[in-house]
Amino acid sequence: MKISIIIPCFNEEEVLPELFRRVTAAAQQWKLEWEVICIDDGSRDRTWTLLEEQHRIDPRWRALSLARNFGHQTAVSAGIHYAGGDALIVMDADLQDPPEELWRFIEAWRSGFEVVYAVREKRKESLFKRGSYWLFYRLLSRIVSFPVPQDSGDFCLMDRKVVQVLRAMPERNRFVRGLRAWAGFRQTGLRYERQARSAGAPKYSWSKLLRLAFDGICSFSTAPLRIVFHVGLWVSLLSLAGIIFTLLQKIFPAFYARHGFPAVQGFTTIVISVLFLGGIQLISLGIIGEYIGRIYDEVKQRPPWVIQASVGVSATVPGL
Ligand code: UDP
Ligand code: MG
């Protein structure tokens, strides 16, 4: 039995030596065949040099270099595509996911689970970031039609069967933890404490995180489109009531004045309602645009990633 470990790396030169040491030490304990596939996601520092060096020292460390920064999810997907193990582990390069915990995942897999995902017990991150994550996972699980594990990122172990399902999915906007949940099979969560980054700065900017959240929601649900429809419906009904109100006011001005609604020159009301409706229309168009953009991305049929170099992996890009 062979375990493949997928590690996306983007400008991670500071953590790589420590990563090599700790993963190798942990994997040696398993008494199983193993390989690591590091995906250099277009780093601009010495990441690729270090990965090549490590492959020369220990050929179980293999690596791919993407031709530019394609993003974390694409890098993970590329790794999943080329890994050859019976089980596949996805983890971050920054050692926030401790390699010493991996044997628990392997044990759960051997006891019959096809997916073993990690559930974050505590996050050593800012309150605002923790709050945003909390909200996102609750929102996502409300609007999709299959069970989504809460507070579980990409850190996981997957059986070959699940990996084959993921590989067969042709989409470009990949939200790996969502695809993994969608696939089904027997899944279980293991609690662990998410560590602080071992070195270097986070490579996920706020805009990238927001993008990821959008991908998560739009690739698995059309709920936003339905919400837009409902908002439109209610706003129209509201304005219909307003029209009837004003018409009656024109016909029975005395009655209205007696009850405290004298006819006024309603300049402000007009401006406010025009702006309000304009806002709703723009938001609606934006949401529809999100989906159209995604359809456009898919129909172009471009390869999901481009590989410029590889050591220890024979890399042919799907679609090329
Ligand atoms: N990463 C990547 N491409 C990117 C951004 C990040 O391959 O464009 C990798 C990064 O090297 C790390 C993992 O994805 O191994 C998680 O990134 P980070 O630690 O910055 O994210 P966070 O832990 O803050 O969610
Ligand atoms: Mg991290």
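User: How many salt bridges does the rule find across the interface of domain 1 and domain 2?

Analyst: One. This is a predicted model: local features need pLDDT of at least 70, side-chain atom pairs count only at pLDDT 80 or more, and totals for chains, interfaces and linings use all residues. Residues are numbered from 1 along each chain as its sequence is written, chains are lettered from A and ligands numbered from 1 in the order in which they are written, and side-chain values use heavy atoms, leaving out hydrogens and water.

User: What makes R172 and E298 a salt bridge?

Analyst: The rule asks for a side-chain nitrogen of Lys or Arg within 4 Å of a carboxyl oxygen of Asp or Glu. From N to O, the R172 and E298 side chains are 3.8 Å apart. That is within 4 Å, so the pair counts.

User: Where do the two domains run?

Analyst: Domain 1 covers 2-205 + 303-311, and domain 2 covers 223-300. Such bounds come from an automatic or database domain assignment.

User: How much area do domain 1 and domain 2 bury between them?

Analyst: About 400 Å², with 45% of it on carbon and sulfur atoms. In domain 1, I143, R172 and N173 lose the most area to domain 2, together 92% of what that side buries. Buried area is the accessible area (1.4 Å probe) lost when two parts are put together, summed over both.
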